[in-house]
Amino acid sequence: MATITPAKPVHAVHAADGKRPVDYVWAIARIALGWTFLWAFVDKTFGLGFATSAEKAWLAGGSPTTGFLKGTGENALGGVFSALAGQAWVDWMFMMGLLGVGLALMLGVGTRVAAVAGSLMLLLMWAAELPLANNPFMDDHIIYSIVLVGLALANAGTTLGLGNLPIVKRHAFLR
């Protein structure tokens with residue numbers, strides 16, 4: 001009697017480099033989300049005219065946090081967040097967060113730290129918008145935070161990133 005060998009499930013198939021297709025999906029998600037953070041930094045710094053006009057650029061003396069945070073005054077926690085608008089330390093923390101999270105995700109180094117920092121930034125922006133206009137609790141900030149956690153848990157920096165460098169492998173905080 002002949003035995004039938006079941007086909008390998010798609011998630012078990014490995015490429016020549018030992019990576020599964022899902023590893024590449026996580027890597028692409030990591031790079032895309034990294035670009036989202038990095039682009040926000042670049043546009044707010046130089047005022048390239050996408051979300052930030054040249055006259056409101058950080059380098060032109062504009063505040064990268066004022067527009068968003070001043071607009072939260074009517075929201076549930078608006079008083080707390082609108083009081084932070086335009087403060088230099090808030091601008092610097094926000095911009096360094098965008099740059100750090102963006103670079104870490106793009107390079108695939110420090111994805112765990114980036115997941116924590118990026119999720120914290122996103123959850124604060126989510127809280128500033130409460131109550132949400134289109135959903136009782138779910139919006140893109142929460143979804144991006146979930147993806148960041150997934151990137152860290154999937155060790156997504158090792159595929160299409162620098163997460164396989166010996167120094168990264170030796171130091172857990174760099175993973």
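A nonpolar core is a set of buried Ala, Val, Leu, Ile, Met, Phe, Trp, Tyr and Cys residues joined through side-chain atoms within 4.5 Å. Buried means under 20% relative accessible area, exposed over 50%, and partly exposed in between (1.4 Å probe, protein chains only). This is a predicted model: local features need pLDDT of at least 70, side-chain atom pairs count only at pLDDT 80 or more, and totals for chains, interfaces and linings use all residues. Residues are numbered from 1 along each chain as its sequence is written, and side-chain values use heavy atoms, without hydrogens and water.

**View 1. The largest nonpolar core has 19 residues.** Phe37, Leu98, Leu105, Met121 and Leu148 have the most contacts inside it. Helices H1 (21-46), H4 (88-107), H5 (111-128) and H6 (140-153) each give two or more residues to this core. H4 gives the most, with six. Helices are DSSP runs (H or I, at least four residues), numbered from the N terminus.

**View 2. Leu105 and its contacts.** Contact means heavy atoms within 4.5 Å. Beyond neighbours within four places in sequence, Leu105 is in contact with residues including Arg30, Ile31, Thr111, Leu148 and Leu151.

**View 3. Asp91 lies in helix H4.** Asp91 is buried yet has no salt bridge. A salt bridge needs a side-chain nitrogen of Lys or Arg within 4 Å of a carboxyl oxygen of Asp or Glu. Lys44, the nearest side chain of opposite charge, is 9.4 Å away. Lys and Arg count as positive, Asp and Glu as negative; His and the chain ends are not counted.

**View 4. Arg20 and Asp23 meet in a salt bridge through their side chains.** The N to O distance is 3.0 Å. Arg20 is partly exposed, at 31% relative accessibility. Asp23 is buried, at 14%.
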